[in-house]
Amino acid sequence: MNKRQVLLLEYLMKNIEYLSANQLADRYKVSTKTVYQDIDKINEFLKDNLIETEIIKIPRKGIKLLSQLENKKIHTKIIKLNGELKES
C-alpha cells in the first residue's frame with residue numbers, strides 16, 4: 001500500500017459514519033475513481049494479512065470500514081508498513 005492508502009485506511013478506522021467517495025476524493029485531492037481503486041488495494045491488503053474486515057461500498061449510502069473490532073490488528077500492520085515506507 002502507498003502512503004495515501006494508509007492514510008485513507010486510518011481515516012476510515014476513526015470514522016463510524018458512512019462517507020461518500022466525493023468526500024474522500026476531496027480530502028485526499030484525488031478522483032473518485034482513485035478512491036475506489038485505493039479501497040480495492042486496501043481490501044486486498046486486509047485479506048492478505050488475514051484481517052477479518054473490509055471496506056464496504058453501498059450505493060447512495062457511502063463507504064465505511066465494516067468492523068471496528070479489528071482496528072488493533074490493522075493499527076499494528078500500519079505501524080509496520082509505515083516503517084517500511086520510510087526505509088524506501
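Axes here are lines fitted to C-alpha atoms, for helices over the stretch in contact, with angles running from 0 to 180 degrees between N-to-C directions. All views show a predicted model.

**View 1. Helix H1 crosses helix H2.** Let's begin with H1 (residues 3-14) and H2 (residues 21-28), whose axes come within 12 Å and cross at roughly 130°. The two helices are therefore oblique to each other. The crossing of H1 past H2 is right-handed. On the H1 side, look for Arg 4, Leu 7, Leu 8, Tyr 11 and Leu 12; they meet Leu 24, Arg 27 and Tyr 28 of H2. Sorted by type, the residues of this contact are six nonpolar, no polar and two charged.

**View 2. Helix H1 against helix H3.** Here the axes of H1 and H3 come within 10 Å, crossing at roughly 80°. That angle makes H1 roughly perpendicular to H3. H1 brings Arg 4, Gln 5, Leu 8 and Leu 9 to the contact, while H3 brings Thr 34, Asp 38, Ile 39, Lys 41, Ile 42 and Leu 46. This contact of H1 with H3 divides into five nonpolar, two polar and three charged residues.

**View 3. The largest nonpolar core.** This core has 22 residues, and those with the most contacts inside it are Leu 9, Leu 12, Leu 46, Ile 63, Leu 65 and Ile 74. At least two core residues come from each of H1, H2, helix H3 (32-48), strand E2 (62-65) and helix H4 (71-87).

**View 4. Leu 9 and its neighbours.** Setting aside residues up to four places away in sequence, you will find Leu 9 touching Met 1, Ile 42, Leu 46, Leu 65, Ile 74 and Ile 78.

Conventions
Residues numbered from 1 in each chain as written. Predicted model: local features only at pLDDT ≥ 70, side-chain atom pairs only at ≥ 80, totals over all residues. Heavy atoms only, no water. Helix = DSSP H or I, 4+ residues; strand = E, 2+ residues; numbered from the N terminus. Parallel < 35°, antiparallel > 145°, perpendicular 65-115°, else oblique. Left-handed = near helix turned anticlockwise from the far one by under 90°. Contact = heavy atoms within 4.5 Å. Nonpolar A, V, L, I, M, F, W, Y, C, P; charged D, E, K, R; others polar. Core = buried A, V, L, I, M, F, W, Y, C linked by side-chain atoms within 4.5 Å. Buried < 20%, exposed > 50% of the residue type's maximum accessible area, 1.4 Å probe, protein only.
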